[in-house]
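Below are some notes for a colleague who has not seen this model before. Please read them with the structure open.

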Amino acid sequence: MKRHLSSIVLAVVALFVLSGFAAAAEVWSTDIVIVGGGAAGLSAAVEASQAGADVMLFEKLPIVGGSTMVSGGGMSGAGHRFQLAAGITNDSPEIHLQDMLREGYYENDLRLAKRFTENAGAAIDWLADLGCQFEFQPNYQEHTIQRFVRSHPYPGTGIAIVQTLEKAAKDAGANIYTNHLVTELITDTSGAVIGVQVTKKDGSIVNVMADRVILATGGFVGNDELLNRFAPEIMAMNPKVAGDTRLQGEGFYLAEKVGASLENMQFIKVYPTGSTTKSGQDVYTRFYVPCLEGGILVNREGKRFVDEKAAFARIYDELVKQTDGRMFVIFDSKQAERVLQADTPFILGWSNEQVAKDMEENTLIGRFDRIADLAAAYNIDAEALEETIANSELSTAPFYSVEIGPNMMFTLGGIRIDDDARVLDVNGQVIQGLYAAGEVAGAGHGGNYMSGNYVAYAVVYGRIAGINSANDVLN
Ligand SMILES: Cc1cc2nc3c(=O)[nH]c(=O)nc-3n(C[C@H](O)[C@H](O)[C@H](O)COP(=O)(O)OP(=O)(O)OC[C@H]3O[C@@H](n4cnc5c(N)ncnc54)[C@H](O)[C@@H]3O)c2cc1C
């Protein structure tokens, strides 16, 4: 199905002369171009290649994986084999959908959420059939019926998912080019997308002509311009970034340039976990570790403002209402002893030994013999704090504290697509030749994310985009 190269070269040369694009030294041709090698792009590559289409996937980084690789490797779906093996047979896509809509504050693009939940369980089984191992983890409270799995080996990462998909894509014949940055979408005079312009590692440019292009470029948590444009309230709180800062949102610029509509761009997944060491390093503070031992969260007014054991999303919703969007976790020396024995260390990426060392050196965790000193150090109302502590389980000095603010993880909006993953313009019309999948088209999640839904969403829509684009090309 590859296009005939020589006939295209003339057309492309004419096109670039007319459009003002830099003429490329090389012109390639394929059925389907996929931009981005995370869960969405790789899933599309597997499906389209298995269907018989000629596929080129371009990844800007030296390895595939994107945010999927650094994720926790968690996936959620109804009715998959691991849920059934655990004896849970009363789940359904409809119940999953209702959970997702509630957790997304009913801001979800309903068509996208519905199609996702109808296919999420099957996506987990599909990955398992491709060889990915999963463990059922029934301890996620926002799911009314437990349906969360985590990939193995390399628990707590998405490495197994990425490796499985990369192997399957290559086995099916997909051509994967790393260190290739897609910089433009090429359109014809009708506005249909007919290819991409790619910059190779050596700086040379290739024009790749294709019948279909799938954008799977991930989110924009690393792009301050887009964050300031779409989420100024969050940026005003001077948030930390816990997510993958390599996610620069190139896909949004590419799509906007060809007239695509964007939706739900203001929704960013932010955790109430962002702290900074004295040397300026952003860290992820697991405030719940000391809070499980009786530690408390207070605001600058020295008051507790939320149930410390509430779900993350609830704590975040309250955090943003506090002065400067800041809170302080405080615990005493007896609680500190138990914090240092926790299975999950207080600071993500640190060992308990590192936490203990910091309690001595105070590069992050402040140590105070008197509450008045703690209050002064963080500019907290001292009188109110004394009263709050007197009414808590905290009693034994020294007291420990960390300042915490918003921590951005990933983005929840994106390019508007229909539930067949076709990109829509501002009038709701399909932009011919262009699909999008995954975090770059994330509006199905609404205003908040539910554990495990994003990797599954990327796989579901990557598969849909791969199958549909192959159908377009082959039939
Ligand atoms: C720390 C962390 C933990 C998470 N844990 C979970 C979890 O356990 N479960 C869950 O469901 N979700 C989780 N998420 C969210 C989830 O990982 C992502 O939403 C999902 O993996 C996105 O997949 P994707 O394929 O759309 O994008 P990505 O996996 O980010 O892939 C996009 C790829 O496109 C490439 N790219 C971008 N622009 C270009 C360009 N112009 N040219 C070429 N290549 C380009 C990027 O380099 C990247 O490799 C987590 C996120 C983070 C940051």
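At what angle do helix H15 and H16 pack, and how far apart are their axes?

1. This is a predicted model, in which local features need pLDDT of at least 70, side-chain atom pairs count only at pLDDT 80 or more, and totals for chains, interfaces and linings use all residues. Residues are numbered from 1 along each chain as its sequence is written, and side-chain values use heavy atoms, with hydrogens and water left out.

2. Helix H15 (residues 371–378) and H16 pack at about 130 degrees, their axes being 9 Å apart. Axes are lines fitted to C-alpha atoms, for helices over the stretch in contact, and angles run from 0 to 180 degrees between N-to-C directions. H15 is therefore oblique to H16 (under 35 degrees is roughly parallel, over 145 roughly antiparallel, 65 to 115 roughly perpendicular, the rest oblique). Ile371, Ala372, Leu374 and Ala375 of H15 meet Ala382, Leu385, Glu386 and Ile389 of H16; contact means heavy atoms within 4.5 Å.

3. H16 (residues 382–390) includes alanine 390. This alanine 390 is exposed, at 61% relative accessible area (buried is under 20%, exposed over 50%, partly exposed in between, with a 1.4 Å probe and protein chains only).

4. Serine 333 lies in helix H13 (residues 333–339); helices (H or I, at least four residues) and strands (E, at least two) are DSSP runs, numbered from the N terminus. Serine 333 is buried at 15% relative accessibility. Leaving aside residues up to four places away in sequence, serine 333 touches Thr396, Ala397, Pro398 and Tyr400.
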